[in-house]
Structures are given as C-alpha cells and as structure tokens.
Amino acid sequence: MEEALAMGVELSSAGLGRAVEVAAIDGELKKLWEADDASTNASLMNFLIYTEDPSQLTANSETILSLTQENACRALLIAMDREAPEPSIEAYITAHCHLAHGKKSICSEQVSFLLKGKSLGRLRNTVFAHLNSDLPLVFWWQNELSDLFEEGLYRLVDRLIFDSSTWADPTAGFERIVAAREDTGQSMITQDLSWTRSYFFRLATAGLFDDPAAKKSFSAINKVKIVAQKEQRTAALLLLAWVVELSGWKLLLKNGDSFELSSAEGNLIEASIEWNEDGAPLSELSFFSPDCEIKITRERGNPHLCQSLCTDGHCLYFSGPADADAPADLVASQLSRGGKNSLFLRVLPQFFELL
Amino acid sequence: MAERSVSNPFREDLVSRNRPDACTVVIFGATGDLTHRKLVPALYNLAVDGELPPGVQIIGFARRDWTDEFFREGLEKLNRKVSRTGHDEELWNSLAPNISYHQSEFQDEDGYASLAAKLDAADEERGAKGNRLFYIASAPEYFDDILLHLKKAGLSEEREGCWSRVIVEKPFGTTLATAQHLNQVVNGTFEEKDTYRIDHYLGKETAQNIMVLRFANAIFEPLWNKQYIDHIQITCAEHLGMEGGRGAYYDGAGALRDMVQNHLLQLLSLVAMEPPTDLSADGVRDEKVKVIRSLRQWDTPELVKENVVRAQYLSGNINGNEVPGYREEDRVNPESETEAYVALRCMIDTWRWSGVPFYVRVGKRLPKKATEISVHFKETPSVLFNAAPGGVPDGNVLVIRIQPDEGISLRMNSKLPGTSLRMEPVKMDFHYASSFGKSSPEAYERLLLDCMAGDATLFARRDEVEEAWRFVDNIERAWHESENPPPMAEFPAGGWGPTEADEMLSGEGRKWRRL
C-alpha cells in the first residue's frame, strides 16, 4: 500500500508524468490504460487541486499520490501563473497506483495543467473539459480566493475545500464563501481545513463531558482556554465558536483574543485564546469550574491527544487520536468522513461574532 | 437518553449515529480466542479511531487462575498480531490500566458477588454510577448459569439513569426448545431492549449495504419482486475443514445449525424484507422477522427430501493439497451423520416473493472461501433476439459479495463488436477495496459500538431467533427422527457440492452460480 507504482509512464523530472497536447489528453489517457491489463482504473470522484503558485504543482502531485491510497479519483491539478506575459497551457498525464490489500493494483489517473497568462474563463473551461462525467467534483482551492473564484466556476463544484488559516483577510474570505453558497442554492458543501483541524479536540470534549462529574460541572464552567499557533487563529476561533454555540452561551464582550461570555443561566465565562508558536497547531482546550478541570492537550508532533478530567483532587487520564497537521492529511480525513458538514455551517455565525 | 443529550451539549451533531455511552465491559469467557482475537482488538481499534468513550473499563471473567498482568500481556501480544490498525504503544498503555481480570467459576455465586463489589468500588472511585455491558462469550453450556447469577447478584438491574445490557454470542440455542428456554432465562434477567444477540455477519459492511443498495437506489426496488426476479442464490463457501480442533463443536452442530439458522437466514431476510417504516431497530427487525415467519416450512421427510440436500465431503484435493474426508477429520465421529454441506430451496410465501425460490448453500471444503448473494433476473421475452446466433444470452445477475473482495457486480448482455448480431454477457463491477482504500471497521467494532449506543438494529431479536429455529428444527427432525430420513449425499473435497444439489436446480432449468 505504501508503494506507489508508476504505470507505463515515464515520469518527467517535475513528477507530473508525460507532457501531452491538451487536445490529446483523452486519447493519451486511453493509451495509458490500454498499455496495462494488470491494473484497475478506479474513480469515486473528480478531485481538483487549484493553486495560483505554479511551484506547488509538483508538491500537489505528491499529495495526490498520497490521497489516492484511500480515495480513488480522477485527479486534476491546475496551477495558474497569472504573471506570465503570454498566455499558454501545458498539460501532463500520469497515474498513481497502489496495491489494494497487498494484491490488486488500483490506479487513479492524474491530469495536470499549467495555465499561464491572464485569460478569464480559461480555468473554468479547463475544468469543464476534463471532468469524469457523473462523478462529484471535489475542489481544493489552495490559499487566497482570487477573482477567478466566480459563479461560473463554483456552480460546478459539489464540495469546496479551503484553508482559512492561509487567508490574509478571513472575514472577506468567508463572506465570499457564504455568497457562493447562496448562489448555489446552498448545495455546495464547504469544508474548511481549519475546522477539520479540531475534529479530535471536539470528539474528545464530547467524550469527556459524558462523564457524570463533568456533566454536573458544566453549568458552573467559568473559564475556557484555547492555546494554538498564531497562524491557526481561525482554527482556534472556530473551535471556540463550536464551544459557545453548543453550550448556548452568548458573547458579551470581545477584547482582542479574550472574550466575556454568559451562559443561559446568566453565569459569566471568561474565554481566551493564547498563542504558543512552539506547540502543536492546536495545543490545548481547557474548561474550568470550581469543582472540575477538563484539559485536552497535544504536544507538537505527537499523534495523540492527552485528556484529563480532575474532580475533587482526583484525576483521570486518557489518550486519544489527534488531528493530522499536514493539509493533505486533513483533506484525506475530511474525504473519509464525507457528510454535509452542517455543524460547521451552524457554527459560522458564532465564529463571525468572535472573529 | 434525551435527558443525557441535553446535559452534554457537545455530543450534538458530532457524528451521524447514536453516541456510545461510557461503560464497563465484563467479558465472560475472557481467556478464549474470541476475546483475544476479536473483542479486545475491536475495543482497541475504536480507541484508535477516537470512537471509544473515555473511561471504558474492561473486566475479563473466566475460570483460569490468571492475574491482571498476565491477562493484559496476553491481550497485548495478540493485539500486536491481529489489530486492524496496528499497535500503538501510547494508546495501548492508555487502555491497558482499564483492563482487569476477575477469576471465578461460572457457577460460583461468590464470584458474582465479588464482581458486583468490584464494579461498585469502581463506581465509588469515579464518584458516579456507571453503565454495565456483559458480554457472554463463554461456551454455551454456561449461558444459563451466568445469566442467573448476574440476576441474583443484582447486576442486571438498571440503576438511576445507568443501563445494564447483555450481548450473547452464538449459538443461541441448538433447537427451538433450547432457544426458547435461553430466551426465557435472558429475558428473566435482562429486558429485551437490553438484550443483544450478536450475529457478526450483520456487522459486515456489505451486509449493511444491502439495505442501502435496495432502498437508496431507485433503479432496484421496482424490480425487486416476483415480476422481474427469477430466483435468488445465497452461497457461503468455506475451503477450510475441521482444522484446529473445530470438529469437536462442528460435529455436534452441522452446517444447518451452525450457519443457516443464523447468518444465512439473516442475509436472506435483509434481501427479502419489505422497506421498513423507519431505520429504528424495531422498524428494521419487524420487517426481517416477517420474512422468516413467511418461510414455507419443510416439515415432512418428503418435503425435506425434495427441498434440502445434506452432504459430507470425502477426501479430495484443495489448492493442490490432499485433504481428508469429513469422517476422517480430527475430533469428528467416524460414523458421524452431521452434514458439512447443506443446500436448501426456500420459498417465502408473501405477495412479493410468491413462486420465487431462494437457493441457499453452505459448506466446508468447497473450492474457495466466498459468501455472496446473487439475484437472478428473469430473461427477456425471446421475440427479438431468438434468431441471433447463440440465441438470447442468460438473464441479468446482480451479485452482492459479502466476503472476501466485498462489492457488487451486475451482469448484463452486450452486442459483440462486428457486423453480425452476437451477444455476450459483460460485467459491471464495484469493488469496495478499489473504490474505498480505507479499511472497513471489523464487524465486532461496529457491533460493540452500537450496543454501547443502545442501537440494536444489527442484532437479532427474540422472535427472529425463534422463527429461524422453527424453520431449522423441522428439517433437523426429518433428518434425525423420521423412520425414512432423507439420505446423506457425498462429494469430493474441493468440489462445489454433491450432484444432488445441482439436480435440485437443474430440475427447474436453473444452475448454481459458478463463483
């Protein structure tokens, strides 16, 4: 499974496979499969990675190699060099093959494009022309949403993946996402990797509050603390928004990254986000009440979360899985969960208030 | 349940199924293979996936004089070998302190009293009462003792918002009478809603997918009836024989009781049931039990002879290796009259299935290991293509492969390229492994989690079990109690069963699907 096999393709130094004429892509893909009877071409979706940083193209091919181990797809990689003086287009094809259960070679085909120059509509048309029919389009937009993120394009998209932690202006970015969802009649599923990054923190929180002592102390919580790397501000705020939304708390006051909240019973709760560049992207979520302290922590690089629940001087400790760090791994875990991501949408208004 | 959801708001919307509650799992028969190979690795894998509620305690209850340490070491050793997700030291070390061993004879009342004291002490330490899940994985002869002692020790009672549930492993009885007796004992100890009769086939991904395939795809359900379906075959083939001493159990059970009464009738009911009104446990099980209740009873030796073939394998060859005949196998009576193969024609007397035979076959020492359901559609009217060379090809077949190589395929007819009109069957094939690289959870993972979450959909209900035994008992009686019992057929090991089973279908112009 770990080993990817290049199938009948001479890999170029860029790792993107064979350079082909754009008009000949379908024919060349057909030849690719005809040349190999031992492998199976499988596809569950069209998976597209778009970047406006051409130097990312090779790295994205590596990402596809890893993603296709568990998600067979038609992969489309598109890099746009908008600063190039002359418009041009380069295309490459390759296939990523993996041994399924140590036996059968399962392959996903990949088509890569390098689009140069300014030409509106070219991105959309390139996508249009190379989708596998009937399969959903999962579109991973890397970095900032540019002016090319327009209705004609996103109307094609079934699932949009982005990472708000890479945005210079998250408010503006989210406004565009919300508008795009409205344009598509709310049908486009949106997935923020900054939200995915806190999945196991949220799961652990839910698990810890199943404990009767924790449940009992819930209404007495007076302090919540989140620790994160500064660049994961949106991840930290989304996590806090989730806590606030599900707890039924209200935001009273916002002072930088400190917040004053009130519970349904009128209790005051202090919430703060602290920054630790040496820690994990998200390194702590803690709840404090007079009788109970619940802490979920993660050390940098550690694949586990440490969970503790202390009441009356007595502590219980547990370990659990932690979220991946690399964006590609976060995408893989998102894909494995599927769903409409409705909780994320529910939390967004609270997040906007905290932002 | 609702009260709890409100008190832990963070559970809301996190996953799209019932949430599992933290509990103490007490496993009876904890020194056995099932605990070491399946149950504890399943709990460990749930922890790896972050699905196991924090604070789950595991107590092994068995007769051997083991210590906590020795028990844990044995579990760890096996977990390293068999765990689906590998073995992570840190996670194991987090789980291991919550595993302990309780030594007692199953009949020893004091052992249950000390178990109750142990559980109470754990509650006290935690400062709250906890849920309790009793998993009976012992030999079946101890089921009664265990259940009665649990009741006597007060361990089966619900306490102030905390549940007490029991999972009972197969075999659930050996006849209708014994199953009814066991049900009386179980339900005298636990309420039916707290009783989970496990059938691990129902925890398999493809078994769960049967309902999705049927009811989430508009193209199948309109065709799923006597108008369009000619017959259905369910095959469960096993290439192994009686290795590892399994002859001792198997020779007392036989293929019909070991496999048909539970696994295969469960699959049959999933294939044949009406759409449930909802996906609640009873919504689904109400429909399943109707199917089993509608099975036409083969209740005379003549009917059994006509509709059931039993057989034993003779010595033969599998994968190039010589293998002994059934009666020559380890721990099998040399004069055994136990069937190692059975093929049945089942008729379901409902509006939907009237006249559609369901052929079920199961056996040891068949050419390969495979479990599948094949739905054979009727042929098209032969008015158009009967003049074509070769005539009309075979009808469409939809195959649901349960194991191995889980997936679904559809056979249809296609024109061969060329100027003449020739047709050949082609196959559209969906393989889980090709499309979803991620490995599915083991059946026991899903089932343990469901039980902790109070979802009994994938567990057999009392009436399902008893109706299945009623069907099987009639056949057993004809074989073993009638004056002129239907004969025991024979086939060479490595073959696809006796000719009598082939004739059962060929007499009706059908044949077994070649796997």
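So, chain B splits into domain 1 (2-169) and domain 2 (202-506), with the bounds coming from an automatic or database domain assignment. This is a predicted model, so local features need pLDDT of at least 70, side-chain atom pairs count only at pLDDT 80 or more, and totals for chains, interfaces and linings use all residues. Residues are numbered from 1 along each chain as its sequence is written, while chains are lettered from A and ligands numbered from 1 in the order in which they are written.

The C-alpha centres of those two domains of chain B sit 34 Å apart. Their contact uses 18 residues of domain 1 of chain B and 12 of domain 2 of chain B, where contact means C-beta atoms, placed from the backbone, within 7 Å. On the domain 1 side, α2(B) gives the most, with 6 residues. Helices here are DSSP runs of H or I, at least four residues, and strands are E runs of at least two, numbered from the N terminus.

Now, helix α3 of chain B, residues 68-82. Its 15 residues reach 21 Å from first C-alpha to last. Which of its residues are buried? B:Phe71, B:Arg72, B:Leu75 and B:Asn79, buried being 20 or more other C-beta atoms within 10 Å of a residue's own, and exposed 12 or fewer, again with C-beta atoms placed from the backbone. The face turned away carries exposed B:Glu69, B:Lys77 and B:Lys81.

Conventions: Two residues are in contact if their C-beta atoms, placed from the backbone, lie within 7 Å. The expected span of a helix is 1.5 Å times one less than its number of residues.
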